[in-house]
Amino acid sequence: MLITVIGSGYVGLVSGTCFADFGHDVICVDKAEDKIEKLKGGQIPIYEPGLEELVASNVKAGRLSFTTELSDAVRTADVVFIAVGTPSRRGDGHADLSYVYAAAKEIAASLDGFTVVVTKSTVPVGTGDEVERIIRETNPDADFEVVSNPEFLREGAAINDFKRPDRIVVGLTDERAKSVMTEVYRPLYLNRAPLVFTSRRTSELIKYAGNAFLAMKITFINELADLSEAVGADVQDVARGIGLDNRIGAKFLNAGPGYGGSCFPKDTLALVKTAQDHSSPVRLIETTCSINDQRKRSMSKKVAEAVGGDVRGKKIAVLGLTFKPNTDDMRDSPALSIIQALQDKGAEIHAYDPEGMDSAAQLTEHVTFGSDAYEIAKDAHALVIITEWNAFRALDFGRLKKDMAAPVLVDLRNIYGKDEVAKYGFSYTCVGRPDQEI
Ligand code: UDX
């Protein structure tokens, strides 16, 4: 198949590269000339483990190319994927669909022969209908079908999630489009990945429902963590105890400072808005959003308690800035809320993150960035772990004890326990495990 992907960001670049790795011929299109020039030069503008090698091998095989020219790439394509950003609209939380609609208009003008136009971006229910209307209005003679095919990629694990999906969801009604999409995903289909065909609107809702449920599941265990602290239970054992019930499942039950990222915060809000617009509010998700926002900010109280009640004038060393490990993405990272709250209380923040500091520097003020955990811990009154990078899983507490102003560890990802830190004389604060605290 000849596939064109509009938008070479986290979703478009990974999807296009993996389609090429399936053996399809893929053109990735983006308006950002510098991004396309970097990609043509073998430079990957995002941090995604394994992507650089995959891009290089498929470019070398002649199956993958990059361009800013949309029209030619659309004209020759059998399938055009729209993978442009759908950020939260300023102020009201609805998804901003301006990039999707602009792409639809440009695609319409260049359609030649039967073409399947696929919305891969996360778009509210009904967007496919609007994309179809725009294309038909722009080019009444075009022979095309609009299909929904949401992505379920986790940053940091996107290639694995694309190549070994739990399912592929395709929203369509037309038989020609169905055979094209079956061909597009044949390598996965042959690997027994379930190909779920449904209506376009149902497919659009599945994406939001999936992310909202995961966000709710995380928020559930975060609330259970607070309850565990109040009643003297251990939230990790609670998670294990309920997670062994295969109706619940063990994943996404790690209590922490709250969820962040480019998806959960945006998609939960967009679903809430869609539901409100249709007078069928999703109150569980409304509550999930407010609990999560409040939780991120409240983590600064844990830090203040750990240093004796007041962080004013104290140096706090923050380990981990990105919203999760193995990404450079700072979007809606809990670290941003926690750092702001600590600075509002007068703390001096030093921070280290293996990949996120460039982005963090654009999103924070008065933060001093260091080259590793030990540099930022010098003379610090507390060391706070916010993101569970592997680099933070075997810290030398003997060395930290010597360099810090006070041996205080606040572990918001429950990486450690009292056994690992007590012998070095550290006090230990964590999430939902009061018996581990010292
Ligand atoms: C998510 C969905 O997992 C993915 O399927 C969808 O396509 C895009 O959104 P992503 O946002 O990349 O992926 O990261 P994910 O691994 O889901 O984590 C999201 C947030 O939840 C992170 O801040 C993470 O720290 C947090 N989280 C995750 C927890 O706090 N506890 C958990 O147990 C799991």
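Mentor: Happy to! Where domain 1 meets domain 3, 7 residues of domain 1 are in contact with 9 residues of domain 3, contact meaning heavy atoms within 4.5 Å. Before we go on, keep in mind that this is a predicted model, where local features need pLDDT of at least 70, side-chain atom pairs count only at pLDDT 80 or more, and totals for chains, interfaces and linings use all residues. Residues are numbered from 1 along each chain as its sequence is written, and side-chain values use heavy atoms, with hydrogens and water left out.

Now for the layout. The protein chain splits into domain 1 (2-198), domain 2 (208-289) and domain 3 (295-429), with bounds that come from an automatic or database domain assignment. The C-alpha centres of domain 1 and domain 3 are 38 Å apart.

How much area do domain 1 and domain 3 bury between them? About 640 Å², with 42% of it on carbon and sulfur atoms. Buried area here is the accessible area (1.4 Å probe) that two parts lose on being put together, summed over both. On the domain 1 side, Y10, Y47 and E155 lose the most area to domain 3, and together they make up 83% of what that side buries.

Across the interface of domain 1 and domain 3, the rule finds 1 salt bridge. It also finds 4 residue pairs in polar contact there, both residues at pLDDT 80 or more. A polar contact is a pair of N or O atoms within 3.5 Å; within protein, one must be able to donate a hydrogen and the other to accept it, and residues adjacent in sequence count only if both atoms are side-chain atoms. Sorted by class, the domain 1 side that touches domain 3 has 4 nonpolar, 1 polar and 2 charged residues. For those classes, Ala, Val, Leu, Ile, Met, Phe, Trp, Tyr, Cys and Pro count as nonpolar, Asp, Glu, Lys and Arg as charged, and the others, Gly among them, as polar.

E145 sits in strand β6 (residues 144-148); helices (H or I, at least four residues) and strands (E, at least two) are DSSP runs, numbered from the N terminus. E145 counts as buried because its relative accessibility is 19%, and buried means under 20% relative accessible area, exposed over 50%, partly exposed in between (1.4 Å probe, protein chains only). Beyond residues up to four places away in sequence, E145 touches F114, T115, V116, V117, D174 and A177. From E145 to M299 is 154 residues in sequence and 48 Å in space, C-alpha to C-alpha.

T67, in strand β3 (residues 64-67), is buried too, at 17% relative accessible area. Leaving aside neighbours within four places in sequence, the contacts of T67 include I27, C28 and V29.

Phi of N326 is near 60°, a positive value in a residue other than glycine. At 33% relative accessibility, N326 is partly exposed. N414, in the loop between β13 (408-411) and α18 (418-422), has a positive phi as well, near 50°, but N414 is buried, at 8%.

Conventions
A salt bridge is a side-chain nitrogen of Lys or Arg within 4 Å of a carboxyl oxygen of Asp or Glu.
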